[in-house]
Amino acid sequence: MFRFKTLAFLVIVAALVLTACGGAKAPATQAPAAGGGAKCAPNCTFKDMTMCYPQLGAESDWRTANSASFKSEAEKDGFKLVFSDAQQHQENQISAIRTCIQQGVSVIALPPVVEDGWEAVLTEAKNAGIPVIIVDRSVSADKSLYAAHIGSDMVLEGERAAAEFNKKFPNGGAILELSGTTGSGAAVGRAKGFRNKLNANIKILDSQTGNFTRAEAVPVMQAFLQKYKAGTDFQGIFIHNDDMGLGAIEALKAAGVKPGDLFIVSVDGTRGGFQAMIDGWFQADVECNPLLGPQVAEMALKLMNGQSVDPEVLTNETVYYPDKAAEQIKDRQY
Ligand code: AHR
């Protein structure tokens with residue numbers, strides 16, 4: 001009898017300890033599907049929409065144009081935009097998203113600064129029934145945690161850049177890479193695509209990040225020039241965005257390098273990039289389109305109305321060259 005009582009007591013204590021430690025888990029609450037429809041569905045209009053846009057920063061002309069695209073779309077359509085600037089810090093983006101969840105926004109459009117580390121906050125948005133559209137760069141989180149991704153094919157952009165070097169250096173050569181923010185979908189994708197397609201006889205001598213900013217690219221280029229002789233040790237540079245390209249030009253000019261001494265391919269197609277082609281510094285500029293506001297707004301409204309959306313929308317882009325740059329710069333919107 002005593003033994004039975006002791007055993008029963010021990011079983012109860014063990015059960016309590018296991019529960020407290022999470023060993024015996026209660027069934028998980030069923031999370032709502034990403035983009036299950038808002039209260040006003042199926043008749044929601046832009047007047048019902050509050051979109052959260054935790055912008056990743058203001059690091060480039062591309063980014064400025066992207067922010068402007070969302071702000072002007074909100075004004076045009078008449079929806080409320082909760083805009084913030086995370087200054088290239090993921091933790092700032094995460095806390096902005098948490099604030100938006102607390103405010104009960106209708107939709108979150110997230111341009112993620114880096115690919116990894118979004119699972120927890122995306123799960124929180126999903127559990128709150130707020131659909132998330134990943135904008136511009138990609139995330140590594142499971143696709144069930146967000147409704148869709150709208151942006152550029154960064155791998156293709158890198159492949160397009162590689163094709164330019166392959167054309168220019170059929171007999172091989174050595175080049176440098178000035179890469180974007182470490183861990184960002186844009187830098188990871190472009191580097192991957194570049195390596196996918198670059199001919200084996202073209203060597204990437206060195207690759208360093210300039211964090212997608214003009215200011216940070218200058219010392220990186222200066223350090224490259226200390227280590228390698230332009231035109232001798234390397235003949236070209238692949239630069240992951242135009243702002244860094246303009247920083248690199250500053251450093252190259254100061255070191256006495258002339259336009260055309262090196263084969264330079266950049267990414268974005270901003271007015272600054274076009275001017276660099278006109279001035280003879282860039283030999284090609286791979287387009288990356290920042291004007292995503294209209295598409296994202298349209299998709300957000302569909303999600304609010306419980307309609308299905310394409311989970312991956314990639315922007316149609318091209319490559320620009322110096323021969324038409326003077327004409328094309330007149331129509332550039334960014
Ligand atoms: O994610 C898009 C990239 O981010 C653009 O190429 C760059 O200019 C920006 O900072």
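Me: Accessible areas here come from the Shrake-Rupley method with a 1.4 Å probe, and for residues only the protein chains shown count as cover. What does the accessible surface of the protein come to?

Reply: This is a predicted model, in which local features need pLDDT of at least 70 and side-chain atom pairs count only at pLDDT 80 or more, while totals for chains, interfaces and linings use all residues. Residues are numbered from 1 along each chain as its sequence is written, and side-chain values use heavy atoms, with hydrogens and water left out. Carbon and sulfur atoms account for 55% of the accessible surface of the protein, whose total is about 15,600 Å².

Me: What percentage of the residues in the protein is buried?

Reply: Buried means under 20% relative accessible area, whereas exposed means over 50% and partly exposed lies in between, with a 1.4 Å probe and protein chains only. The protein has 334 residues, and the buried share of them is 51%.

Me: Which strands are the edges of the sheet with parallel pairing?

Reply: Helices (H or I, at least four residues) and strands (E, at least two) are DSSP runs numbered from the N terminus, and two strands pair if DSSP finds at least two bridges between them. Six strands, in the order 2-1-3-4-5-11, form this open sheet with parallel pairing. Two of them pair on one side only, and these edges are strand 2 (80–85) and strand 11 (312–314).

Me: Which helix packs on this sheet and touches strand 11?

Reply: Strand 5 (residues 148–151) runs parallel to strand 11 and is joined to it by three bridges, with Ile150 having Val313 as its bridge partner. The packing helix is in contact (heavy atoms within 4.5 Å) with strand 1, strand 3, strand 4, strand 5 and strand 11. Its direction makes about 165° with that of strand 4, on axes fitted to C-alpha atoms (for helices over the stretch in contact), with angles from 0 to 180 degrees between N-to-C directions. Residues 293–304 form this element, helix 10.

Me: Which residue of strand 8 is the bridge partner of Leu176?

Reply: Strand 6 and strand 8 pair in the parallel sense over four bridges. Both faces of strand 8 are covered, with Gly236 and Phe238 buried on one side, and Ile237 and Ile239 buried on the other. The bridge partner of Leu176 is Ile237.

Me: How much of the ligand's own accessible area does the protein cover?

Reply: The residues around the ligand (a heavy atom within 4 Å of it) include Glu59, Trp62, Met154, Phe212 and Asp268. Of the 280 Å² of accessible area that the ligand has on its own, the protein covers 100%.
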